[in-house]
Amino acid sequence: MARRNILTKEEPGLYKNCRPVTDFNPRLHQLLDDMRETLSQENGVGLAAPQVGVLRRAVIVLETNVPEGEEEYIIELVNPEIIESDGEQYGAEGCLSVPGEYGLVRRPMHVRVRAQDRNGEYFEVEGEGLTARCFCHEIDHLNGIVFTSKCERMLTEEELESGKFNE
Ligand code: ZN
């Protein structure tokens, strides 16, 4: 596994629609392995292939809603689609491609996603809270959407420092 460079918001590639993955081959596996390594080194909760310069529909998300004493784990989603969403959450969101900046984004509280795994097998997975936010954020990347275009406003430095913000 190797760490890959993360593109930042100035890169045009981040605003392009990504193509579906059609070959579930060693190259895809390498990409997903490298994305895992990159995410863990950056201490992030999600990463999309276009953020490492690959315009294909693949993302990884860290599932943080785990029972106490159990390890968080990475969910790999190839060609993901949100098939159900409900509820609403409003809160601060950031992105490894937009370092140091956070904005307030409205997202569903709960989503169900259908995707393929690295071998092409279909599965469904549910996300709640931060995981739901993360699924939405990463899938947006596949459609060329960076959260800064969706957020109602960016947080000020003061708000970031205090950890408090007003809606
Ligand atoms: Zn992002």
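Colleague: Which strand is Asn 79 found in?

Modeller: This is a predicted model. In it, Asn 79 sits in strand E3, which covers residues 73-86.

Colleague: And what is the phi of Asn 79?

Modeller: Near 50 degrees, which is a positive value in a residue other than glycine.

Colleague: Is Asn 79 buried or exposed?

Modeller: Asn 79 counts as buried, because its relative accessibility is 15% and the cut-off for buried is under 20%.

Colleague: What about Asn 43, what is its phi?

Modeller: Asn 43 is not a glycine, yet has a positive phi of about 55 degrees.

Colleague: Where is the place of Asn 43?

Modeller: Asn 43 is in a loop, between helix H1 (26-42) and strand E1 (46-48).

Colleague: Buried or exposed, Asn 43?

Modeller: Exposed, with a relative accessible area of 70%.

Colleague: Changing topic. Which residues coordinate the zinc ion?

Modeller: Cys 95 through SG, and His 137 and His 141 through NE2 in each case. The distances are 2.0 to 2.2 Å.

Colleague: How are the donor residues spaced in sequence?

Modeller: The pattern for the zinc ion is C-x41-H-x3-H.

Colleague: Where do His 137 and His 141 lie?

Modeller: Both are in helix H2, residues 130-142. His 137 and His 141 are four residues apart, or about one turn of the helix.

Colleague: Are those two buried or exposed?

Modeller: His 137 is buried at a relative accessible area of 6%. His 141 is also buried, at 1%.

Note on methods. Residues numbered from 1 in each chain as written. Predicted model: local features only at pLDDT ≥ 70, side-chain atom pairs only at ≥ 80, totals over all residues. Heavy atoms only, no water. Helix = DSSP H or I, 4+ residues; strand = E, 2+ residues; numbered from the N terminus. Buried < 20%, exposed > 50% of the residue type's maximum accessible area, 1.4 Å probe, protein only. Donors = N, O, S within 2.8 Å, 3.2 Å for Na, K, Ca; no water.
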